[in-house]
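User: Please go through this structure with me as questions and answers. Keep it plain, and give the cut-offs for the terms you use.

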Amino acid sequence: MPAPILVDLKFNPETVTRILKTAFVDRGSINLADAANDGRDFHDLDYALVWKPDADIFRRAGNLKVVFSGGAGVDSFMHLPGRPDVPVVRFVDRSLTVRMNEWVVMQCLMHLRGHSAHDQHQRKHLWADLTAPEAAEVTVGIMGLGVLGQGVAAKLRMMGFNVIGWSRTRKEIDGIETFGGADLDAFLQKTDILVGLLPLTPETTGLYNAGLFAKLRQGGALGKPVFINCGRGKSQVEADIVRALSSGVLGGASLDVFEVEPLPADSPLWDLENVFITPHDSAASEENALFRHVETQIARFERGEPLQFTIDLAAGY
Ligand SMILES: NC(=O)c1ccc[n+]([C@@H]2O[C@H](COP(=O)([O-])OP(=O)(O)OC[C@H]3O[C@@H](n4cnc5c(N)ncnc54)[C@H](OP(=O)(O)O)[C@@H]3O)[C@@H](O)[C@H]2O)c1
């Protein structure tokens with residue numbers, strides 16, 4: 001029997017344990033959440049599937065041939081000591097993309113239709129109609145046109161929004177005006193709703209800051225620009241978001257990710273008007289789909305076929 005796969009997924013531990021029982025039947029798995037595995041050496045293992053793993057995982061498993069991420073991002077383990085110089089495969093999955101599409105479309109529509117104000121009126125039993133622009137009058141600018149960004153762009157187009165996008169290398173996408181890395185300012189000047197779908201790398205750390213918010217279009221159909229982030233929290237400067245919202249540089253925000261998670265109870269973000277907060281659950285990985293994806297990639301690897309969804313180790317995503 002081939003060596004089992006090492007699993008360290010800081011998801012819901014009961015769910016991971018339950019679903020692992022029926023996954024990887026041909027090789028089995030070693031779940032680091034099981035206290036019986038504390039202190040064990042894993043140098044005889046070939047594969048690890050990780051999400052926010054223990055800091056010493058690569059020191060204990062130094063002979064891995066492939067590292068699999070439990071999510072679309074890889075930032076939770078790329079910096080850990082002893083990470084072997086082997087392919088890193090991230091999770092790309094239809095259901096994850098669909099969930100992210102739903103969340104972003106929902107947030108854009110809530111800002112378009114003034115949902116926060118409606119909600120406040122309802123709580124006060126107030127019958128107060130609001131006028132809202134049509135989606136076509138609003139430009140949504142997506143930062144990051146990868147698997148998720150492109151999925152979101154297509155769904156927003158379907159809803160009638162004008163969509164533009166920015167990525168490190170400029171993309172050609174039907175119906176969407178696109179911008180490359182150097183053209184960030186031109187992109188921001190046209191954007192009414194900014195959607196952050198970037199991976200966390202040294203280049204994207206702290207990118208959503210006061211300087212960037214100040215370049216967004218003022219006086220568009222929504223009046224003030226809106227910031228939506230569902231990429232990574234460390235790409236945003238929360239003190240700047242709070243200041244931009246309070247001073248009117250931003251008119252609203254939707255945040256699924258935070259500099260520190262869980263978002264501390266005393267963060268001012270919780271109480272700001274027209275801010276929607278979700279607990280990093282816009283597009284959670286579904287365990288069954290994740291384990292099937294890893295099984296498929298291991299089978300490809302062992303047949304000598306190229307792995308899919310590998311990251312660029314130099315770029316870090
Ligand atoms: N909130 C959640 O629940 C959740 C769930 C899943 C994923 N995420 C986050 O979403 C991120 C994106 O996922 P994905 O699958 O779409 O990733 P992806 O396919 O790797 O796409 C990443 C995009 O970001 C662009 N990019 C990266 N660094 C850049 C930089 N410095 N400047 C400009 N553009 C840059 C890339 O440009 P190029 O096209 O030129 O390479 C690419 O278009 C993940 O890394 C993860 O952090 C969050």
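User: What are the residue ranges of domain 1 and domain 2 in the protein chain?

Analyst: This is a predicted model, where local features need pLDDT of at least 70 and side-chain atom pairs count only at pLDDT 80 or more, while totals for chains, interfaces and linings use all residues. Residues are numbered from 1 along each chain as its sequence is written. The bounds come from an automatic or database domain assignment. The assignment gives domain 1 as 5-93 + 285-302 and domain 2 as 95-277.

User: How far apart do the C-alpha centres of domain 1 and domain 2 lie?

Analyst: The contact between them takes nine residues from domain 1 and eight residues from domain 2, where two residues are in contact if their C-beta atoms, placed from the backbone, lie within 7 Å. On the side of domain 1 that touches domain 2, the residues divide into four nonpolar, two polar and three charged. Here Ala, Val, Leu, Ile, Met, Phe, Trp, Tyr, Cys and Pro count as nonpolar, Asp, Glu, Lys and Arg as charged, and the others, Gly among them, as polar. The C-alpha centres of the two domains are separated by 32 Å.

User: What share of the residues of the protein chain count as buried?

Analyst: A residue is buried if 20 or more other C-beta atoms lie within 10 Å of its own, exposed if 12 or fewer, and partly exposed in between, with C-beta atoms placed from the backbone. Among contacts with a separation of 6 or more, residues 24 or more positions apart account for 62%. Of the 317 residues, the buried share is 39%.

User: Which strands stand at the edges of the open sheet of five strands?

Analyst: The strands run in the order E2-E1-E3-E4-E5 with parallel pairing, and two strands pair if DSSP finds at least two bridges between them. E4 (residues 66-69) and E5 pair over two bridges, and phenylalanine 68 stands opposite valine 89 in E5. Each edge strand has a single partner, so one side of each is left without a neighbour in the sheet; these are E2 (29-31) and E5 (88-89).

User: Which residue in E7 is the bridge partner of isoleucine 142?

Analyst: Strand E6 (residues 139-143) has five of its five residues buried. Thr139, Gly141 and Met143 cover one side, with Val140 and Ile142 on the other. E6 pairs in the parallel sense with strand E7 (residues 162-166) over five bridges. In E7, the partner of isoleucine 142 is glycine 165.

User: Is glutamate 14 buried or exposed?

Analyst: Glutamate 14 lies in helix H1 (residues 13-20). Its C-alpha atom is 9.6 Å from that of alanine 33, 19 residues away along the chain. With 9 other C-beta atoms within 10 Å, glutamate 14 is exposed.

User: Which peptide bond is cis, with omega near -5°?

Analyst: The proline concerned, proline 262, is found in the loop between strand E11 (252-255) and strand E12 (275-277). The cis bond runs from glutamate 261 to proline 262.

User: What phi does asparagine 274 have?

Analyst: Asparagine 274 is also found in the loop between E11 and E12. With 19 other C-beta atoms within 10 Å, asparagine 274 is partly exposed. Although asparagine 274 is not a glycine, its phi is positive, at about 60°.

Terms used. Helix = DSSP H or I, 4+ residues; strand = E, 2+ residues; numbered from the N terminus.
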